[in-house]
Each structure stands twice: as structure tokens, then as C-alpha cells.
Amino acid sequence: MSWLSQLVRPDILALQAYEHAVWEPGLTRLHANELPWRSDCDDTIAGLNRYPEPQPQALVAGLARLYGVAADSLLVARGSDDAIDVLVRAFCRAGRDAVLICPPTFGMYAVSARIQGARVVSVPLKAAEGFTLDVPAVFKACTPDVRIVFLCSPNNPTGNLLNAADITAIVRQLEGRALVVVDEAYIEFAEAESCAPRVRKFPGLAVLRTLSKAHGHAGARCGSLIADPEVIALLRKVITPYAISQLTLEAVLKALGQSELRAAAERITQVRQERARLSKALGSLSGITRVWPSAANFLLAQFADPDAAMARARAARLLVRDVRGFPGLGSALRTSIGSAADNDRLLEAWA
Ligand SMILES: *Cc1c(COP(=O)(O)O)cnc(C)c1O
């Protein structure tokens with residue numbers, strides 16, 4: 001507990017967790033002020049008149065199996081966005097502590113920090129070297145008030161994987177000083193190993209995984225934080241007790257079935273093939289000056305006239321993401337890998 005007590009908010013460490021109604025499915029529930037009747041439109045298995053099981057065991061076990069980790073190392077949340085928020089709230093004292101991010105990167109780390117009143121320290125990725133980590137600069141910027149370092153691999157919006165040796169160096173160097181959170185929202189699309197099983201070896205490492213991207217369940221809102229069991233036990237006190245709705249629980253348990261997982265793997269292969277095709281085709285268009293390599297399900301491209309490209313996409317009734325506001329991405333737009341037909345329409349609009 002000692003390393004963690006140095007990092008986490010002391011009031012969270014001392015916090016008495018909310019005592020939710022005990023979970024004993026065999027008994028009649030007269031202890032949670034629920035109605036005894038289901039409504040006619042309720043087609044769930046368990047009934048929406050009942051509160052769901054907090055941190056549902058079957059779900060936690062299924063996700064832990066999927067990610068190759070122990071069940072006590074996994075917190076299930078309403079998407080990884082929720083897990084990011086819980087992390088920042090548990091580790092950062094408002095007005096005193098900070099998080100470190102490496103822009104251009106996913107926007108939620110900074111937004112969650114600001115909501116909590118935590119400072120945001122930025123150490124830019126090295127754009128000229130393919131958006132790689134500036135490891136010495138991370139060490140230098142990691143003052144004692146930095147409690148969490150967010151690394152995103154593959155990184156959104158640049159698409160590249162971070163170097164595994166760089167991540168390991170940062171985790172080792174910051175051991176006991178900051179929690180290093182590796183956001184692997186897109187790892188299934190990459191040809192790389194997840195860091196998740198390494199949390200056993202490195203208590204200062206935490207990994208975010210989600211069903212929103214490769215598993216096609218963005219609407220279900222189901223993300224996981226994988227970390228040392230002590231960190232997970234602590235965060236279970238902070239996350240809202242009924243975070244996972246019965247609707248999400250039942251949908252995700254289905255999605256974790258063998259045949260569903262096989263189908264998901266086939267769709268990942270399809271995305272990778274479309275990514276290669278779209279990347280090559282975009283690279284040959286005269287209005288596009290650069291397409292970055294991607295290990296994710298999106299592509300980042302640099303345009304001679306990004307305003308015109310945005311307008312032409314919209315005229316074809318396609319939305320792409322304007323990422324020009326990110327530091328260092330002056331004239332770049334990001335597009336998801338759509339269906340082959342979507343991608344053809346985009347290519348036509350930008351031809
Ligand atoms: C999309 C995305 C997420 C959000 O995932 P949810 O599980 O849907 O909340 C997290 N991190 C990155 C980098 C993303 O791009």
C-alpha cells in the first residue's frame with residue numbers, strides 16, 4: 001500500500017465506500033426500494049425494475065479473460081472516458097496536482113483534469129520523428145505534483161503506436177512517483193501486443209481498453225481499466241456503484257461470446273484491409289500532401305486546402321474530423337475507416 005498512498009489523494013485512501021444494497025440474487029429484494037413489477041416494454045433478462053449488480057462478476061470475468069488479466073486487476077466503467085475521469089478524481093487534488101499528456105493526443109485527459117481542477121502539463125510528441133515520445137522531456141516535466149502520465153498507443157489523432165521500449169522506460173523511471181496510464185483504445189487494429197498483462201509486473205502501470213472501437217460497441221458504453229489490484233480496489237470506492245446498466249451488461253455478455261468474438265476479429269481484418277487501400281488511394285490524390293501511417297481505424301492526412309476538403313466531404317454528406325486545432329497538426333484532417341462504400345464516396349469527394 002505504501003507506494004500507492006504516496007500517489008493517491010489521502011482523503012480517497014481514507015474514504016469509507018458507499019454501502020450498496022447487498023447482492024444476493026437468490027433472495028427476494030425488499031432492501032433497495034425497487035418496484036416488484038417489470039414494465040411491459042422491458043425485454044431484458046433480469047428486469048430493469050431491479051438495480052444491476054455493481055461491478056458485475058460475470059462481466060468483469062469475461063473482460064478479464066478477453067484481455068488476459070486477473071479479474072481483480074480490472075475495473076469496468078462506462079467507457080474508457082469514465083475510467084479516465086475516475087482516475088483523475090482519485091489521484092489529483094484540485095488546485096494542487098497535475099496530469100501529464102503528450103499532445104497531439106486524445107482530448108479527454110485534459111478535459112477530465114480541468115474538470116477536477118488539476119493542472120495539465122504538456123510534453124509534445126516529436127512530430128518530425130513520426131510523433132514519438134520525448135522520453136527525457138517527460139522525465140524532466142514530471143515534477144512531484146504530476147500524479148498521472150497519460151500515454152495513448154496507438155495515439156489518437158496521429159494513428160501511430162508508441163515505442164514499447166519508451167513506454168517501459170517511462171514506467172520504470174516513474175515507479176512510485178506517478179501512475180502511467182496507457183490508453184489502448186485502438187490496440188486491436190495494430191499489430192502489437194497489449195501492455196495489459198504487464199500490470200502484474202509493474203504496479204505503476206495502468207491500461208485502458210474499450211469495446212467502443214474494434215468490438216463495435218460504442219453505444220453500449222463499456223471500457224476497462226486494468227491495473228494493480230490495490231489501484232482497482234481503491235477505484236471501486238470512487239466509481240459510481242451502478243455504473244454498468246443492466247442493458248449494457250446483457251448486451252456485452254452477448255458480445256463476449258465465442259462466435260461474436262470471431263466475427264469481431266474478422267471485422268478487424270476487414271478494417272485493416274480497407275485502411276491499406278484508403279491510405280494508398282488518399283496518398284495519390286493531388287490535394288493531399290501527406291498521409292501518416294496508421295495502426296488504428298482512422299487515417300490522418302495533410303491537405304493543401306483543408307477548408308475545401310471539409311466542405312467537399314460535407315457536400316457528399318460525409319463527416320470527417322477537423323483536427324487542425326491540435327498542436328502541430330496545422331492542415332490535417334482525420335477520417336475513420338468506413339465501409340468500402342463510404343470510403344469510395346470519400347475518395348470521390350476528394351478526387
Ligand atoms: C475513442 C477513444 C476513447 C473512448 O473510449 P470509450 O470507451 O468509448 O469511452 C478512449 N481513448 C481514446 C484514445 C479514444 O480515441
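Predicted model: local features only at pLDDT ≥ 70, side-chain atom pairs only at ≥ 80, totals over all residues.
User: How do I read a cavity, and how many of 30 Å³ or more does the structure hold?

Analyst: Rolling a probe the size of a water molecule over the atoms shows where empty space is left. In this structure, one cavity of 30 Å³ or more turns up. The volume of the largest cavity is about 40 Å³.

User: Which residues line the largest cavity, and which helix gives the largest share of the lining?

Analyst: The lining consists of His-215, His-217, Ala-255, Glu-260, Leu-261, Ala-264 and Arg-267. Helix α10, residues 258-283, supplies four residues, the largest share. By kind, the lining residues are three nonpolar, two polar and two charged.

User: Next, the strands. Which way do the residues of strand β7 point, and are they buried or exposed?

Analyst: In a regular strand the side chains alternate between the two faces of the sheet. Strand β7 covers residues 223-226: Gly-223 and Leu-225 point one way, while Ser-224 and Ile-226 point the other way. All of these residues are buried, and buried means under 20% relative accessible area.

User: Which residues stand opposite those of β7?

Analyst: Strand β1, residues 74-77, runs antiparallel to β7 and is joined to it by four bridges. Here Val-76 is opposite Ser-224. Strand β6, residues 205-210, also pairs with β7 in the antiparallel sense, over four bridges. In that pairing Val-207 faces Ile-226, and Thr-210 stands opposite Gly-223.

User: In what order do the seven strands of the open sheet come?

Analyst: The order is β1-β7-β6-β5-β4-β2-β3, with mixed pairing. The edge strands are β1 and β3 (119-122), and each pairs on one side only. From one strand to the next, the twist averages 25 degrees.

User: What is the order in the sheet of four strands, and which strands stand at its edges?

Analyst: That open sheet has the order β8-β9-β11-β10, and its pairing is antiparallel. β8 (288-291) and β10 (321-322) are the edge strands; each has a single partner strand, so one side of each is left without a neighbour in the sheet. Within the sheet, five bridges link β9 (residues 298-303) to β11 (residues 332-336) in the antiparallel sense. One of the facing pairs is Ala-301 with Leu-333 in β11.

User: How do I read the backbone angles, and which residues does a cis peptide bond join?

Analyst: Most residues other than glycine have a negative phi, and most peptide bonds are trans. A cis bond joins Ser-153 and Pro-154, with omega about -5 degrees. Another cis bond runs from Asn-156 to Pro-157, where omega is near 15 degrees. Pro-154 sits in the loop between β4 (146-152) and α7 (164-173), and Pro-157 is found in the loop between β4 and α7 too.

User: What is the phi of Asn-33 and of Phe-131, and is each buried or exposed?

Analyst: Asn-33 is not a glycine, yet its phi is positive, about 55 degrees. It is placed in the loop between α2 (10-14) and α3 (57-67). Asn-33 counts as exposed because its relative accessibility is 79%, and exposed means over 50%. Phe-131, likewise not a glycine, has a positive phi of about 60 degrees. Phe-131 belongs to the loop between β3 and α6 (135-141). With a relative accessible area of 2%, Phe-131 is buried.

Key:
Residues numbered from 1 in each chain as written. Heavy atoms only, no water. Buried < 20%, exposed > 50% of the residue type's maximum accessible area, 1.4 Å probe, protein only. Helix = DSSP H or I, 4+ residues; strand = E, 2+ residues; numbered from the N terminus. Pairing = 2+ DSSP bridges. 1 Å grid on protein atoms, 1.4 Å probe; cavity = no way out; pocket = protein on both sides within 12 Å on 5 of 7 lines; lining within 4 Å. Points joined across faces, edges and corners; volume = space filled by probe spheres on them. Nonpolar A, V, L, I, M, F, W, Y, C, P; charged D, E, K, R; others polar. Axes fitted to C-alpha atoms, helices over the stretch in contact; angles between N-to-C directions.
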